[in-house]
Amino acid sequence: MESLSPVLSPTAVKFSYPKLASMAAYAATLPSFSFTSMASAQRRTPTSIHSAKPTKTLSATATTNPISVPPKKVLVPIGYGTEEMEAVIIVDVLRRAGADVTVASVEPQLQIEASCGTKLVADTSISSCSDQIFDLVALPGGMPGSVRLRDCAALQEITRKQAEESRLYGAICAAPAVTLLPWGLLKRRQTTCHPAFMHKLPTFWAVKSNIQVSGGLTTSRGPGTSYGFALCLVEQLFGESIAKEIGESLLICPDDEKSKKEEFNDVEWSFDHIPRVLIPVANGSEDIEVVTIVDILRRAHVDVIVASVEKSVRILGSQGTKIIADKLIGVAAESTYDLIILPGGNAGAERLSKSRILKNLLKEQELAGRVYGAVCSSPAILHKQGLLKGKKATAHPSIVSKLTNEVINGTKVVIDGKLITSRGLSTVTDFALAIVSKLHGHARARSVAEGLVYDYPRS
């Protein structure tokens with residue numbers, strides 16, 4: 001990460017956490033989120049995810065009752081055109097840390113279509129949040145999503161009070177320039193945003209850093225920096241140890257620990273038409289994996305169909321995100337796909353594995369010599385069907401011991417002929433970009449990565 005000390009003094013961010021390189025573009029380092037030099041008034045006392053244990057007293061018989069610590073309350077507003085990766089990653093990471101996250105729609109209805117076509121359903125309407133007090137208000141970006149947030153009077157009032165009462169607020173991508181700036185909430189604050197909107201920020205206060213903390217305001221640049229942004233917010237709410245724990249659970253690691261991609265038995269994935277990709281989903285599918293793959297492939301102009309194996313097109317992701325699939329799997333099965341990609345999530349993978357329609361589709365995919373793949377826990381589905389036989393693959397660390405094929409542990413993404421696998425979670429960004437590179441070439445993948453503000457090899 002670019003040096004923050006010159007621009008954040010006296011509340012500069014001191015990082016000691018391992019580099020979140022895959023989450024922050026053009027960063028030299030992004031270590032552990034230790035905001036040790038922030039003023040104590042701007043820190044939030046870390047709270048345990050679990051209730052405190054009973055404490056012994058001098059009395060031989062008396063003990064105190066367990067102390068229940070109320071969860072930190074977070075508001076994440078969404079609207080038509082909100083960037084789905086940013087919204088879902090922020091919600092996912094904060095919920096993993098133990099925050100009580102409310103996703104509120106600024107539209108008349110709860111269901112919105114995000115900037116790359118993913119349909120999300122909010123928990124409530126923004127009007128129902130007006131009288132609540134939040135520990136954090138975090139605005140995702142995207143266009144025209146940031147404009148929709150800006151034009152919401154109720155959200156403006158909530159965020160204004162948040163700033164006036166010295167509670168935490170943040171914004172990413174276009175939202176700092178398009179939403180917070182017109183509201184007057186960037187005054188005398190060092191701020192960053194997506195490169196395409198930097199010219200809108202006041203020159204003296206604009207900073208080209210991936211994450212910027214200035215008082216109670218935290219800003220960041222885009223989808224590719226969303227993990228770093230979310231973990232930065234986690235540390236301010238819960239403390240360094242929780243942020244580190246969540247980062248590790250998301251498989252975020254230094255660049256020198258895991259290479260981005262390894263390929264074996266190189267074959268071309270070339271088509272004379274727009275590639276069609278099927279992504280089956282179920283209740284319990286990993287939210288961030290589904291949304292990230294869909295978002296990145298659609299940015300590369302791939303025709304993506306999200307199909308539910310449930311009785312309804314509405315599914316509930318592993319961290320509570322409500323997603324509307326494009327079709328039911330039975331309808332989707334009437335078409336042929338160039339790729340079938342299985343997202344992870346333990347509960348979701350279990351439900352996918354029980355779908356007879358999906359089993360038949362995967363078998364046909366292999367017999368026809370077409371591409372298929374899986375991330376996180378879902379390579380186990382391919383293993384059970386014999387689709388990893390003689391193939392090199394990778395998977396989430398929790399299931400690699402269950403795979404009898406040759407597992408490649410030292411990389412985030414493994415391609416073997418027409419099979420592609422990934423460790424899942426934060427590594428899915430590299431997974432999706434690897435698919436783009438195979439379909440459309442390295443230049444297209446790099447172009448998409450630049451739009452995400454995500455560090456990607458030049459060659």
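Reply: On a 1 Å grid over the protein atoms alone, a cavity is a set of points where a 1.4 Å probe fits but cannot get out, and a lining residue has an atom within 4 Å of a point. Grid points are joined across faces, edges and corners, and a volume is the space filled by probe spheres set on the points. The model is a predicted one, in which local features need pLDDT of at least 70 and side-chain atom pairs count only at pLDDT 80 or more, while totals for chains, interfaces and linings use all residues. Residues are numbered from 1 along each chain as its sequence is written, and side-chain values use heavy atoms, with hydrogens and water left out.

By this rule there are two cavities of 30 Å³ or more. The largest cavity holds about 100 Å³ of space. Its lining includes Ile78, Val103, Asp123, Gly320, Thr321 and Lys322. Helices (H or I, at least four residues) and strands (E, at least two) are DSSP runs, numbered from the N terminus. Among these elements, α2 (84-96) and β6 (119-121) each supply at least two residues of the lining of the largest cavity, and α2 gives the largest share, four residues. For the composition, Ala, Val, Leu, Ile, Met, Phe, Trp, Tyr, Cys and Pro count as nonpolar, Asp, Glu, Lys and Arg as charged, and the others, Gly among them, as polar. The lining of the largest cavity divides into seven nonpolar, two polar and three charged residues.

The second largest cavity has a volume of about 70 Å³. Among the residues that line the second largest cavity are Gly117, Thr118, Lys119, Val306, Ala325 and Asp326. Here α8 (287-299) and β16 (322-324) each contribute at least two lining residues, with the largest share, four residues, coming from α8. The lining of the second largest cavity comprises seven nonpolar, two polar and three charged residues.

The core can be considered next. A nonpolar core is a set of buried Ala, Val, Leu, Ile, Met, Phe, Trp, Tyr and Cys residues joined through side-chain atoms within 4.5 Å, where buried means under 20% relative accessible area, exposed over 50% and partly exposed in between (1.4 Å probe, protein chains only). The largest nonpolar core has 79 residues, and Val93, Leu94, Ile341 and Ile420 are those with the most contacts inside it. In soluble globular proteins, nonpolar side chains tend to be buried together. With contact taken as heavy atoms within 4.5 Å, and residues up to four places away in sequence not counted, Val93 touches Tyr227, Ala230, Leu231, Val234, Ile246 and Leu250.

The sheets complete the account. Two strands pair if DSSP finds at least two bridges between them. An open sheet of eight strands with mixed pairing has the order β12-β22-β23-β19-β18-β13-β14-β17. β12 (259-264) and β17 (327-328) stand at its edges with a single partner strand each, so one side of each is left without a neighbour in the sheet. Within this sheet, β19 (residues 371-375) and β23 (residues 419-422) pair in the parallel sense over four bridges, and Val375 stands opposite Ser422 in β23.

Strand β11 (residues 217-220) has Leu217 and Thr219 pointing one way and Thr218 and Ser220 the other way, and all are buried. β9 (residues 168-172) runs parallel to β11, joined by four bridges, whereas β10 (residues 211-214) and β11 pair in the antiparallel sense over four bridges.

Note on methods
On a 1 Å grid over the protein atoms alone, a cavity is a set of points where a 1.4 Å probe fits but cannot get out, and a pocket is an open set with protein on both sides within 12 Å along at least five of seven lines; lining residues have an atom within 4 Å of a point.
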